[in-house]
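Welcome, and thanks for taking a look at this one with me.

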Amino acid sequence: MRHEPERKESQAVSNAYDVIINGASVGGCTAAILYAQQGARVALVERRSDLDAHKVLCTHYIQASAHPVMVATGLDQALERVGAIPNTAHYWTRWGWIRPPHDAAGAHGYSVRRETLDPLLRRLAAGTDGVDLKLGHTVNELLVEDGRVVGVAGTAREEAFTLRARLVVGADGKESTVARLAGARTETTENGRFSYFAYFKGLARQAGDAARVYYLEPDNAYVMPMEDDVTVIAAVVSKQRLDEFKADLEGAYTNFVRSLPEAPDIDGAERISKIIGTVNYPLVSREPAGPGYALIGDAALTSDPLAAVGCAWAMQSAQWLVSESAPAVTGGDEATTDALDAALGKYSERHAAETGPHHHLIADFATARPFNEIEEFSFSAATRDPDMAAHFHTFGSRLMTVEEFLSPEIVARMEKVNGHGLSETALRQLAGEDVAAEEEDGGASSRAGGTGHSHQELWDAWNRLWNGDYAIADDYVSRTMRVNIPEFGMPDPATLSDGPQIAAWIAAFRSSYDDDAAITGELGPFFVGDYAIGRWVFRGTWTGGRPATATVAPGTEVTFRGVDILRFEDGRIAEYWLTDDQLDLYAQLGAVAGAESQGPQQAALPARLAGLTPDEGRAVLLERALDLAAELLEDEKVSAATGTETFLSLGLDSLAAVELRNRLQQETGLRLPTTMAFDQPTPQALAGYLWKRLAEAPAAGSTDPFDVLARLEELASALTEPGQEARLGELAERLGSLAQRLAERLAPATGAAPEQIENASAAELFAYLDSRLGAAEHSG
């Protein structure tokens, strides 16, 4: 920062320019045009020499909130001429799709590539009277007099330059030079996700060219059509999966996209770019103005790219700054620094008011946390009601305030649509009360949220509920319960959102068993933070009813096992995960042949795949998966499917999905999970999964300890048949002795203390719990 000699005429300064703007991208070009329209003399400084230079990392989506600014600059008509897509969006959630009614005449923004947008804006600015576009000029100093910025200095083609103006504007992005040199107060927040994207040609589009946004919790994705038949597909993924993408970016990205619900057919399209992205994109907010300078766009606020607010807020912040400060910078010698400072103060206030509440929500969601109660409440309502879908999209387009989005009238409408209301804590939050301090209390005392029932009481109540004590459900289960269960053979999770609904589901299950049927704990529960996990066994006598395909006689005794995970919040059970052995239960009821009763496995597929490339191998597996599905469904048309459809949309019910798993288990020789068709929801995703499993399968004659262990795990199921208890006990004893000897040798290096568990990440926690639960696989 260069300090110039003091000037006596500090209240009235004559300059070569009224405004200097550093950065000729979205915000800078917009500000230059708007200032010039108000009669200002503008130096638009850009370090890059190429008029067609453009930003690479971008969401490619200009929100509708910026439409008035685009009209004011003439950008809207220019974008129409180059074929930019007037945008709208559909949103996938676990409750289904949010599909706002399409209004072609309504407010909209544009979806457009930056290689189109940036040169277009730069040419618009350069063609505006009063704008002096200076390409190839790099700013590396600020000129300062009497503590205020009065100009810039730098180099252009190895020559020094100096420019002076009443106002210097930093429109130079997240790593703003103007902000750094001015010492602007800066706050940085880590982003819990990373992102990669690629461009494709030839992809089928939704009605109205709607973008598709996926809320996969915690991962996200978007599929966005743009000009020239180009579509960008982005994977916005929790950093817990970063190692997976670093190890094999091509495979991880491709498999991620293929696994999306109603996934785009990327195998039938042409990818026209490499996979582009970044693993670290922090959120940055700065004080947007100071003496003689102002910041706009990403220089003032870099929000989460997932929210797609960057381009719109760059244009809008330019407009806010010009509307407040133009009179102070174009007033000739009568313009005073006091007037400019007052204008910059108003700009700062407006910037905070317009972006602050939105950015607070965006930054909170960027931690990659699960949906909170209010989000679940609003998202689920938007899937069920067209008016709420339109309201949701309007808010996402930043056309309304947070207060308008969750006004009392709207909350009442959401309550009617959802069939339940918000918890008292959520209502207090909406009323502006600070409940954070109350929620912090109770972690050490093992209470959920510091009030209500303890974690142990909630776990015990959950077991009582499953054993028929339905009356307690409303006292212990959240009114916005979230349920995560296998897709096949289970009700829609959206119908299980409160105590009475949970109780009705359990009662329907128990209605097929005698009154003495019971679930008892086998291992646990283990409590970590607001989570609990435990393994259970169900024993009962089947009396008839569900499943309808059962062939055994009523009176048949059954036993099967599962694992429950509960999350607690505000003294209630807020979320539930279930994994159980449905295949084992169905086999005992004669509803499907047991996986171990089908004779020797005919592992024919590995031989067919020998020598094939990964793409060729996945194609063979996809064809086989579709053929088997067609056979099970007795529908030849399924064989001709693309593979991007979900198994559910193809018509597979729970029994057919289990039978598909059994057939593929025979043909691959792999031990496949019962929930295979749920975990891999499309034939394409399943083909990729099978190829990966087969590629990792141990060689038949290998003596590597891990290969031997893998074969033991594959063969262990043979000892679960009746009459094998003695051999199972002997095997468990011998393996236990071996494990103990290994543990004693490794104990000094790998001992896990309780405090390590308390501080473990989610991935480390569940890996630990998996190891604990695995010890009881065949106990009881």
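1. Let's begin with the surface: the protein exposes about 34,900 Å², and carbon and sulfur atoms supply 51% of that area. Please keep in mind that this is a predicted model.

2. Now the overall make-up. The secondary structure comes to 29 helices and 28 strands. Of the 780 residues, 52% count as buried. Taking contacts between residues at least 6 apart in sequence, 70% join residues at least 24 apart.

3. Next, the salt bridges, which number 37. In one of them, the side chains of Arg-113 and Glu-227 meet at 2.9 Å, N to O. This pair links distant parts of the chain, 114 residues apart: Arg-113 sits in the loop between β8 and α4, and Glu-227 in the loop between β16 and β17. Arg-113 counts as buried because its relative accessibility is 10%, and Glu-227 is buried too, at 1%.

4. Another pair joins two helices: Glu-667 in α23 (residues 654–668) and Arg-624 in α21 (residues 614–633) are 43 residues apart. Their side chains form a salt bridge of 2.7 Å, N to O. Glu-667 is buried, with a relative accessible area of 14%. Elsewhere, salt bridges that share partners join several residues into one network, among them Arg-94, Glu-217, Arg-482 and Glu-575.

5. Finally, is Arg-398 buried or exposed? Its relative accessibility is 17%, so Arg-398 counts as buried. This residue lies in the loop between α11 (386–396) and α12 (402–405). Arg-398 touches residues including Ser-65, Trp-313 and His-358, and its side chain reaches the backbone oxygen of Gly-396 at 3.3 Å. Arg-398 and Ala-64 are 334 residues apart in sequence, yet 7.3 Å apart in space, C-alpha to C-alpha.

Methods
Residues are numbered from 1 along each chain as its sequence is written. This is a predicted model: local features need pLDDT of at least 70, side-chain atom pairs count only at pLDDT 80 or more; totals for chains, interfaces and linings use all residues. Side-chain values use heavy atoms; hydrogens and water are left out. Helices (H or I, at least four residues) and strands (E, at least two) are DSSP runs, numbered from the N terminus. Buried means under 20% relative accessible area, exposed over 50%, partly exposed in between (1.4 Å probe, protein chains only). Contact means heavy atoms within 4.5 Å. A polar contact is a pair of N or O atoms within 3.5 Å; within protein, one must be able to donate a hydrogen and the other to accept it, and residues adjacent in sequence count only if both atoms are side-chain atoms. Accessible areas come from the Shrake-Rupley method with a 1.4 Å probe; for residues, only the protein chains shown count as cover. A salt bridge is a side-chain nitrogen of Lys or Arg within 4 Å of a carboxyl oxygen of Asp or Glu. Lists of a residue's contacts leave out its neighbours within four places in sequence.
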